[in-house]
Amino acid sequence: MGRIFEVRKATMFARYDRMAKQFTRIGKEIAIAVKAGGPDAATNPALRRCMQNAKSVNMPKDRVEAAIKRAQGKEMENYEEILYEGYAPHGVAILVETATDNHVRTVANVKSHFNKGGGAMGNSGSVAFQFNKMGVFKLNPEGLNAEELELELIDYGLEELGESADEEGNQLIVLRTAFTDFGNMQKALEEKNITPISAEVEWIPSTTVPVNDEQAEDVSKLIERLEQDEDVQKVFHNME
């Protein structure tokens, strides 16, 4: 088992703000999942994934239940998922995932963030080719044999299995699949009674841009600006 390559961490804002942002992000994901597949987690794999991810960031159960209930209401906003692309300073590629009920507001804000952060927003397709859209599952390694798991999951679309660590330094097993195999892997883990710590769709860079610490700070300031926007769900980059 090798170590999963991860790009340089770029999240800079305070832990409390990050937690609040994560709750908002997952709340929107729950709304989208419920609108698409209904409020029953037993029959809605996307909702099950959202609930797992809510647990991984310690989102209170009553907030999760409230988000599900709100998503069933007629007055609930219909969120549209839009991907924006661009460049940060020093040639670093940026992908910005958004969930918005007003795309005119969102595109104006994202463009403004790029400009004020010393970057430039690009057209669709200008950056995404430098990334692979993948399913990323993070598991608690306790009680798992990584080598056996790797052999068992190859038939379900496993492309990479490696080790990593969370923000507190706890060891993780990380599985990566092609985006098209996300559902297959989720089902395989459920059948093996393995509950992921998190299960996300991420954009993994196929090429990276080396930066020094000063340059990384410039890029991180733009990423922070984008991440704090209310319509932004996730930001991906390829700085090494």
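His-90 is partly exposed, with a relative accessible area of 37%, and in this predicted model the residue sits in the loop that joins β2 (80–87) to β3 (93–100).

**Loop residues with positive phi**

- His-90 has a phi near 70°, which is a positive value in a residue other than glycine.
- Asn-193, which is likewise not a glycine, has a positive phi of about 55°, and this residue is found in the loop between α6 and β8 (198–205).
- Asn-193 has a relative accessible area of 70% and is therefore classed as exposed, the cut-off for that class being over 50%, whereas His-90, at 37%, is classed as partly exposed.

**Asn-53 and its surroundings**

- Asn-53 belongs to helix α2, which covers residues 45–56, and because its relative accessibility is 1%, Asn-53 counts as buried.
- When residues up to four places away in sequence are left aside, Asn-53 touches Ile-26, Ile-197, Ser-198, Ala-199 and Glu-200.
- Asn-53 and Leu-95 are 42 residues apart along the chain, and their C-alpha atoms are separated by 21 Å.

**Helix α2 against helix α6**

- The axes of α2 and helix α6 (residues 182–191) come within 11 Å of each other and cross at roughly 70°, so the two helices are roughly perpendicular, and their crossing is left-handed.
- On the α2 side the contact is made by Pro-45, Arg-48 and Arg-49, and on the α6 side by Phe-182, Gln-186 and Glu-190.
- Sorted by class, the residues in the contact of α2 with α6 are two nonpolar, one polar and three charged.

**Helix α4 against helix α7**

- Helix α4 (residues 103–116) packs with helix α7 (residues 213–227) at an angle of about 160°, and the axes of the two helices are 9 Å apart.
- That angle makes α4 roughly antiparallel to α7, because angles over 145 degrees are assigned to this class, and α4 passes α7 in a right-handed crossing.
- The residues that make the contact are Val-110, His-113, Phe-114 and Lys-116 of α4, together with Leu-222, Arg-225 and Leu-226 of α7.
- Sorted by class, the contact of α4 with α7 has four nonpolar, one polar and two charged residues.

Terms used
Residues numbered from 1 in each chain as written. Predicted model: local features only at pLDDT ≥ 70, side-chain atom pairs only at ≥ 80, totals over all residues. Heavy atoms only, no water. Axes fitted to C-alpha atoms, helices over the stretch in contact; angles between N-to-C directions. Helix = DSSP H or I, 4+ residues; strand = E, 2+ residues; numbered from the N terminus. Parallel < 35°, antiparallel > 145°, perpendicular 65-115°, else oblique. Left-handed = near helix turned anticlockwise from the far one by under 90°. Contact = heavy atoms within 4.5 Å. Nonpolar A, V, L, I, M, F, W, Y, C, P; charged D, E, K, R; others polar. Buried < 20%, exposed > 50% of the residue type's maximum accessible area, 1.4 Å probe, protein only.
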